[in-house]
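Me: Please take a close look at one part of this model for me. Keep it brisk, and connect the points.

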Amino acid sequence: MPTASDRPRRSALYLPASNAKAIAKARTLPCDVVILDLEDAVAPELKAEARAAAVAAVEEGGFGHREVAIRANGIDTEWGADDLAAIAGSKADAVLVPKAGSAQDIRRYGEALEKAPAAMQLWAMIETCEAVFNLQQIAAMAPSSRLSLWIMGTNDLAKEMRAQLTPCRTPFLPFLSMAVAAARAHGVAILDGVCNEFRDLAVFEAEARQGLMFGFDGKSLIHPAQVDPCNAVFSPGEADLAWAHAVIDAFEQPENQGKGAIRVDGKMTELLHLEQAKRLVAVTARIAAAG
Ligand SMILES: CC(C)(COP(=O)(O)OP(=O)(O)OC[C@H]1O[C@@H](n2cnc3c(N)ncnc32)[C@H](O)[C@@H]1OP(=O)(O)O)[C@@H](O)C(=O)NCCC(=O)NCCSC(=O)C[C@H](O)C(=O)O
Ligand SMILES: [Mg+2]
């Protein structure tokens with residue numbers, strides 16, 4: 001069984017926890033993560049009902065290999081404290097908190113989850129201008145808290161910045177890149193934001209490929225149609241695996257023992273590439289094991 005930190009998270013599907021049909025459907029979809037949303041996808045008058053439905057859904061189970069997170073309303077909203085108390089007492093794998101802006105926010109969420117099971121992870125949305133300037137301090141909370149994963153919230157970032165969320169995502173590229181670097185520096189997993197164009201899978205796939213290029217572990221999704229293309233983009237392909245095996249085989253050859261740099265398929269290949277190759281093979285095995 002993979003540990004929390006090395007589980008495949010290619011595809012993380014949000015759904016409003018107030019939507020019973022969507023919850024039932026999520027149990028049948030090949031996504032790696034299900035996020036039962038209590039925040040922006042749920043109207044104020046349905047918040048209490050959605051909270052109860054999310055807790056009941058994780059109690060009932062049926063999500064198989066999928067990790068299940070519940071996204072709470074912000075701690076300072078009128079629903080935040082009740083959401084966090086309910087999630088802390090639930091069987092969710094993780095609580096996802098919106099609009100985390102600082103290390104202090106992570107501390108406050110950690111205190112609110114004090115009574116939660118030790119295995120419950122804290123996942124945070126990176127989706128405010130404040131967070132962009134505090135990436136390093138937020139990620140640095142990981143070793144001393146439950147924090148283990150970030151999800152980019154490009155809709156909220158666009159709103160705060162008054163930027164346009166177009167398919168090329170030009171205004172956000174510096175932050176996406178910095179967020180990946182900050183997450184990697186502190187061992188935090190990181191997922192890309194959602195693509196709102198759920199009917200246009202060509203736009204979706206291009207955005208997912210951009211996220212892969214930036215180094216994200218996977219992407220957050222809003223519609224079942226996005227799951228298969230997302231898994232395909234974030235799974236190592238045949239050419240990647242062929243390269244990985246060629247590198248591993250080459251370093252195992254007697255003439256390459258003790259060497260730090262060799263030639264594989266006409267390219268300089270170093271021990272760091274061997275590490276990348278081994279990781280790729282391991283990721284593929286974990287995806288296969290997750291079923
Ligand atoms: C986006 C939607 C509102 C579209 O809904 P609709 O037009 O009704 O979709 P379909 O008719 O195509 O649905 C077909 C069937 O699939 C089920 N379905 C739809 N969406 C989901 C889902 N997310 N998970 C599971 N199942 C889903 C429908 O029930 C239909 O089933 P059936 O009738 O049996 O065939 C809708 O897709 C939706 O609500 N999506 C999720 C929205 C959401 O959760 N938003 C919040 C998270 S995104 C966010 O906040 C990002 C971040 O914070 C930021 O700032 O960027
Ligand atoms: Mg948001």
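**A helix pair and the ligand site**

Reply: Helix α9 (residues 201-214) and helix α10 (residues 227-234) have axes that come within 9 Å and cross at roughly 30 degrees (lines fitted to C-alpha atoms over the stretch in contact; angles run from 0 to 180 degrees between N-to-C directions; helices are DSSP runs of H or I, at least four residues, and strands of E, at least two). α9 and α10 are therefore roughly parallel to each other (under 35 degrees). Their crossing is right-handed (the near helix is turned clockwise from the far one by less than a right angle).

This is a predicted model: local features need pLDDT of at least 70, side-chain atom pairs pLDDT 80 or more, while totals for chains, interfaces and linings use all residues. Residues are numbered from 1 along each chain as written, chains are lettered from A and ligands numbered from 1 in written order, and side-chain values use heavy atoms, without hydrogens and water.

Now ligand 1. There are 22 residues around it (a heavy atom within 4 Å). Tyr14, Arg71, Asn155, Ile222 and His223 come nearest. The shell divides into 11 nonpolar, 4 polar and 7 charged residues (Asp, Glu, Lys and Arg count as charged; Gly counts as polar). β1 (11-16), α1 (20-26) and α7 (154-161) each supply at least two shell residues. β1 gives the most, with 4.

Polar atoms pair up too (N or O atoms within 3.5 Å). A polar backbone atom of Tyr14 is 2.8 Å from a ligand 1 nitrogen. A side-chain N or O atom of Lys21 is 3.0 Å from a ligand 1 oxygen. For Asp156, a backbone N or O atom lies 2.9 Å from an oxygen of ligand 1. Taken alone, ligand 1 exposes 1,100 Å², and the protein buries 69% of that (Shrake-Rupley, 1.4 Å probe).

Methods. Polar contact = N/O pair within 3.5 Å; in protein donor to acceptor, adjacent residues only side chain to side chain. Parallel < 35°, antiparallel > 145°, perpendicular 65-115°, else oblique.
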